[in-house]
Amino acid sequence: MIRIAILEYEKESKEIIFQFGKIFKNVDWTFRHFWKASELAKAMKDEEYQIFVFDEMFKTPRLESVFVHDNPNALFIYICDDPTQVKGEDGRERMIYIQKNALVKDLEDKAQIIMQQARQSEMYSLVYNGVHVNLPFDTIYYLEKEEKMVIFHTKKGTFQKRVNMSDLEAEFAPYGFLRVHVSYLVNSKHITSWQKDEVEVNDEVLIPLSRAQKKRIMASKKERM
């Protein structure tokens, strides 16, 4: 079940809910609408949300510390008069900025990304040291190829599996993972910045970004804008 929290004005909320209905037409989902940030903060004590939709007025350092920082696996969508200005230098892939006057079109254009991020509560299963391990996709930060093994860097620690990286790329693509380098597959939800020849994961780990892969990824991102 995908749970969505909407902290927006009533007019925009109706359009947002209608678009989510189309995006998640084959998926179980639900939403709650809030008028105040304090109401949402209170509800979060009893419910976990995978997607937050905020009016741009709620993009403040204080509210980011309450909502964004404390929900590292959630997707955040800001509805803005000027998305470019509000976004600024923000390179976090789990932050989406939508133009208020083009709300329907922008949400349609971002539908694939929204679905990819929302599906990350699903599990990936592997056997490590004889133990069966289930890893939610959103807890997997990146995959690293070392000789014939692939290292899974996750919230639960590191795991190894002998598997073809290209097969994993195809399997993980529907969940928003990007092949940034021949030896690395990165969860876009945890990308916090893009640099010239590296991507930063969780504000601390730098992953090589090959020139060819960067060109391909950026071209794909431009097509969805």
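Where is the place of glutamine 50? I found glutamine 50 in the loop between α2 (37-43) and β3. A note before I go on: this is a predicted model.

**Entry: glutamine 50**

I then looked up what the side chain of glutamine 50 reaches, and found the backbone nitrogen of arginine 3 at 2.7 Å. Leaving out residues up to four places away in sequence, I noted that glutamine 50 touches Met1, Ile2, Arg3, Ala74 and Leu75.

**Entry: the nonpolar cores**

Which members of the largest nonpolar core touch the most other members? I wrote down Phe20, Phe24, Ile51, Val53, Ile77 and Ile114, out of 20 residues in that core. I then checked which elements give two or more residues to this core: β1 (2-7), α1 (10-23), β3 (51-55), β4 (75-80), β5 (95-99), α5 (103-109) and α6 (111-118). The element that gives the most is α6, with 4 residues. I also came across a second, separate core of 19 residues, which includes Tyr49, Phe54, Phe58 and Cys80. A reminder to myself: nonpolar side chains tend to be buried together in soluble globular proteins.

Setting aside its neighbours within four places in sequence, isoleucine 77 is in contact with Phe20, Ile51, Phe52, Val53, Phe54, Ile96, Ile98 and Ile114.

**Entry: helix α6**

How many of the residues of α6 are buried? I got 6 of the 8, so α6 is largely enclosed by the rest of the structure. The buried residues I listed in α6 are Ile113, Ile114, Met115, Gln116, Gln117 and Ala118. Two glutamines are on that list, Gln116 and Gln117.

**Entry: aromatic rings**

I looked up the aromatic pairs, and the count comes to 24. One of them joins phenylalanine 34 and tyrosine 49, an edge-to-face pair at 6.3 Å centre to centre with 90 degrees between the planes. Why does this pair tie together parts that are 15 residues apart in sequence? Phenylalanine 34 lies in strand β2 (residues 29-34) and tyrosine 49 in the loop between α2 and β3, so the pair links those two places. I checked burial for both: phenylalanine 34 is buried at 3% relative accessible area, and tyrosine 49 is buried at 4%.

**Entry: strand β12**

Which residues of strand β12 (residues 184-187) are buried on each side? I found Tyr184 and Val186 buried on one side and Leu185 and Asn187 buried on the other, so both faces are covered. Side chains in a regular strand alternate between the two faces of the sheet.

I then traced the partners of β12. Strand β8 (residues 140-146) pairs with β12 in the antiparallel sense over 3 bridges, and glutamate 144 has tyrosine 184 as its bridge partner. Strand β11 (residues 177-181) also pairs with β12 in the antiparallel sense, over 4 bridges. Here histidine 181 stands opposite tyrosine 184, and β11 and β12 form a hairpin with 2 residues between them.

**Entry: loop residues**

I stopped at glutamate 147, in the loop between β8 and β9 (149-154). Glutamate 147 counts as exposed, at 77% relative accessibility. Its C-alpha atom is separated by 9.5 Å from that of serine 183, 36 residues apart along the chain.

Last, I looked at the loop between β14 (198-201) and β15 (205-208), where asparagine 202 is found. Asparagine 202 has a positive phi of about 55 degrees, although it is not a glycine. Aspartate 203, found in the loop between β14 and β15 too, has a positive phi near 60 degrees. Most residues other than glycine have a negative phi, which is what made me write these down. Are these residues buried, partly exposed or exposed? Asparagine 202 counts as partly exposed at 25% relative accessibility, while aspartate 203 is exposed at 56%.

Definitions and conventions:
Residues numbered from 1 in each chain as written. Predicted model: local features only at pLDDT ≥ 70, side-chain atom pairs only at ≥ 80, totals over all residues. Heavy atoms only, no water. Core = buried A, V, L, I, M, F, W, Y, C linked by side-chain atoms within 4.5 Å. Buried < 20%, exposed > 50% of the residue type's maximum accessible area, 1.4 Å probe, protein only. Contact = heavy atoms within 4.5 Å. Polar contact = N/O pair within 3.5 Å; in protein donor to acceptor, adjacent residues only side chain to side chain. Pairing = 2+ DSSP bridges. Phe/Tyr/Trp six-rings, centres within 6.5 Å; stacked < 30°, edge-to-face > 60°.
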